[in-house]
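Try each task before you read its solution.

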Amino acid sequence: MTEKGKLIVVSGPSGAGKSTVIARVMKDDPDVAFSVSATTRAPRKGEVEGRDYHFVDRAFFEKMIENAELLEHAQYVGDYYGTPKLPAFENIEAGKSVIFDVEVQGAAQIKLKCPEAVLIFIIPSDFSQIEKRLRGRNTDSEEKIARRIETARREYAMAEKYDYIVINDDPDTAANEMKAIITAEKCRASYRKKYLNEVSL
Ligand code: ADP
Ligand code: 5GP
């Protein structure tokens with residue numbers, strides 16, 4: 001019997017490097033799948049429909065909410081973001097660990113519905129890096145950068161509720177931390193019961 005995959009929820013302030021670190025983890029681990037969210041925000045240069053996000057309009061997004069197609073959803077800096085249920089659970093049933101890149105409200109909703117989810121918060125060691133990286137990424141207006149930083153301050157207050165904190169000063173080191181967490185979670189005794197059940201006294 002295939003063991004179900006793990007739910008790995010990754011949050012952190014915009015600019016912390018979530019996408020960068022997740023991409024490195026996925027490159028090294030074929031057993032990990034990414035939960036592709038739906039969003040009403042515009043695609044950034046280089047983002048690919050269906051790989052990074054499903055880019056939809058507000059009416060389409062609201063239909064998905066109405067049809068109960070989303071595991072969770074939230075508004076962030078004026079746009080909708082949400083997790084389609086079906087593909088995530090298909091991957092989990094097939095034994096793949098699924099990474100959900102979601103902000104803090106979405107993470108709380110997933111934890112409520114799936115208490116077995118593992119929650120990882122990712123930050124640089126120095127908060128000032130957030131603004132530097134958002135400016136360096138060059139994808140957001142001044143107004144959006146200011147709103148993302150303001151939101152980041154509130155998000156930091158939630159970090160203690162997470163199971164793990166990954167520090168992203170160097171993307172490879174951060175990816176190694178995330179891979180170590182996934183490996184450790186797969187080694188939990190509760191996850192490895194099948195190796196014990198077949199031995200009788
Ligand atoms: P997030 O997904 O958390 O919003 P990104 O992965 O888009 O963050 O990273 C934000 C910007 O910071 C990008 O331009 C990325 O290349 C850069 N970046 C990511 N990790 C690091 C790091 N450890 N040091 C310096 N820059 C980084
Ligand atoms: P960005 O616009 O930088 O890609 O993402 C903005 C924020 O939305 C990030 O904190 C990211 O984690 C979050 N996010 C992305 N997808 C989802 C989702 O499906 N649900 C929720 N709740 N947040 C999401």
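The exercises below go from the whole chain to its two ligand sites.

A note before you start: this is a predicted model, where local features need pLDDT of at least 70, side-chain atom pairs count only at pLDDT 80 or more, and totals for chains, interfaces and linings use all residues. Residues are numbered from 1 along each chain as its sequence is written, chains are lettered from A and ligands numbered from 1 in the order in which they are written, and side-chain values use heavy atoms, with hydrogens and water left out.

**Exercise 1. Describe the overall fold.**

Step 1: Begin with the secondary structure: the protein chain has eight helices and nine strands (DSSP runs, H or I of at least four residues for helices and E of at least two for strands).

Step 2: Turn to the extent, where the C-alpha trace spans about 65 × 40 × 30 Å along its principal axes.

**Exercise 2. Work out what holds ligand 1.**

Step 1: Find the shell, that is, residues with a heavy atom within 4 Å. For ligand 1 it has 14 residues, with Lys 18, Ser 19, Thr 20, Arg 137 and Asn 168 the closest.

Step 2: Look for N or O pairs within 3.5 Å. Oxygen atoms of ligand 1 lie 2.8 Å from a polar side-chain atom of Ser 19 and 2.5 Å from an N or O atom in the side chain of Thr 20. The side chain of Asn 168 has an N or O atom 2.9 Å from a nitrogen atom of ligand 1.

Step 3: Check the cover: alone, ligand 1 exposes 560 Å², and the protein buries 75% of that (Shrake-Rupley method, 1.4 Å probe).

Step 4: Trace the shell to its elements. Helix H1 (18–28) and helix H5 (128–137) each supply at least two residues, and H1 gives the largest share, three residues.

Notes
Polar contact = N/O pair within 3.5 Å; in protein donor to acceptor, adjacent residues only side chain to side chain.
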